[in-house]
Amino acid sequence: MKGMDLIFTPRCMFCRRILGAGAQSQVCPWCHPEEFRISKPRCRFCGRPAAEENGICPDCRQRRPTVTGRCLYAYEGIIRDALHRFKYGNCRGYGEGFARQLWAGLEETIRKWQPQLLVPVPLHPKRQRQGGYNQAAVTAAWLAEQAGIPWQNLLRRVRNTAPQQSLGYGLRALNIQEAFAVNEGMAVPDRILLIDDIYTTGSTIEACGEALRNRNAGTEAHFLTIAAKIFDKSEKST
């Protein structure tokens, strides 16, 4: 048994069942997160479901994002519950599990983009002090180890914005405008992969991309998130 197992009982990151001694995975045999994988056909911009592969989903058709990327899971069921614990329940260890799943599921896509640097979407310092850590940075650090790509806290949040989940689409974009900046003295490479936990409307990702291009106009940025909110046809994008 690992030394830490003597102190912290290892549990499945999805259902919280106790795992066996020396477990090599954070997922028990009864949980199947792959059932929530976003599969083809996918939107060429955000990677969420579309009518045809490399088509455009209704949400992206309205705004044509400048930062394109992929999301591993739909933000539903056990994925949503685990991400809530990761964000708000001090389950920092989930970062390793999610990073391993991102690499296993999207390795080919990551290699195709050839990022020179992984960059987590930052929290405002006040919010990070409240939560104790930035879940995007934890995930980026573990993913960097898996992929052999360096990571860096290249961006900082310069405004403590209102929580995005409480706002409608138009207000989300306005709320996050000019909320990010590149840290002083840091160089912005030409190919960057932004890492975050949940993709909803993409307003946060777009604001990060703008901050990067303000420092290096030639930067090509993509994003990778653990999950994405999937809108029903009858549901408005919020």
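Biologist: What should the 13 residues of helix α7 span, and how far apart are its end C-alpha atoms?

Modeller: At 1.5 Å a residue, helix α7 (residues 203–215) should span 18 Å, and its end C-alpha atoms are 19 Å apart, which agrees. The expected span is 1.5 Å times one less than the number of residues, and helices (H or I, at least four residues) and strands (E, at least two) are DSSP runs, numbered from the N terminus. This is a predicted model, in which local features need pLDDT of at least 70 and side-chain atom pairs count only at pLDDT 80 or more, while totals for chains, interfaces and linings use all residues. Residues are numbered from 1 along each chain as its sequence is written, and side-chain values use heavy atoms, with hydrogens and water left out.

Biologist: Which residues of α7 are buried?

Modeller: They are Ser203, Thr204, Ile205, Glu206, Ala207, Cys208, Gly209, Ala211 and Leu212. Buried means under 20% relative accessible area, exposed over 50%, and partly exposed in between, with a 1.4 Å probe and protein chains only.

Biologist: Zooming out, how many helices and strands are there, and what share of the residues is buried?

Modeller: The protein has seven helices and six strands, which run α-β-α-α-β-α-α-β-α-β-β-α-β from the N terminus on. Of its 238 residues, 50% count as buried. Among contacts with a separation of 6 or more, 69% come from residues 24 or more positions apart, a contact being heavy atoms within 4.5 Å.

Biologist: And the sheet: what is the strand order?

Modeller: The order is β1-β6-β5-β2, in an open sheet of four strands with parallel pairing. The edge strands are β1 and β2, each of which pairs on one side only, and the twist averages 20 degrees from one strand to the next. Two strands count as paired if DSSP finds at least two bridges between them.

Biologist: How many bridges join each pair?

Modeller: Six bridges join β1 to strand β6 (residues 220–228), with arginine 70 having leucine 224 as its bridge partner in β6. Between β5 and β6 there are eight bridges, again in the parallel sense, and there arginine 191 is partnered by glutamate 220 of β6. Four bridges join β2 to strand β5 (residues 191–199), where leucine 117 stands opposite isoleucine 192 of β5.

Biologist: Which strands does α3 lie across?

Modeller: Helix α3 (residues 94–113) lies across β1, β5 and β6, and runs at about 150 degrees to β1. Axes here are lines fitted to C-alpha atoms, for helices over the stretch in contact, and angles run from 0 to 180 degrees between N-to-C directions.

Biologist: Switching to side chains, which residues does threonine 139 touch?

Modeller: Leaving aside residues up to four places away in sequence, threonine 139 touches Phe86, Gly95, Ala99, Leu102, Ile195 and Ile226. Threonine 139 belongs to helix α5 (residues 135–147) and is buried, because its relative accessible area is 2%. A polar atom of the threonine 139 side chain also lies 2.9 Å from the backbone oxygen of glutamine 135.

Biologist: Why does arginine 63 count as buried, and which side chain is joined to it by a polar contact?

Modeller: Arginine 63, in helix α1 (residues 58–63), counts as buried because its relative accessibility is 18%. Its side chain makes a polar contact of 2.8 Å with that of tyrosine 199, and one of its side-chain polar atoms lies 2.5 Å from the backbone oxygen of threonine 201. A polar contact is a pair of N or O atoms within 3.5 Å; within protein, one must be able to donate a hydrogen and the other to accept it, and residues adjacent in sequence count only if both atoms are side-chain atoms.

Biologist: Last topic, backbone geometry: what is phi for arginine 64, and which peptide bond is cis?

Modeller: Arginine 64 has phi near 50 degrees, a positive value in a residue other than glycine, and sits in the loop between α1 and β1. Arginine 16, in the segment before α1, also has a positive phi, of about 75 degrees. The peptide bond from lysine 40 to proline 41 is cis, with omega near 0 degrees.
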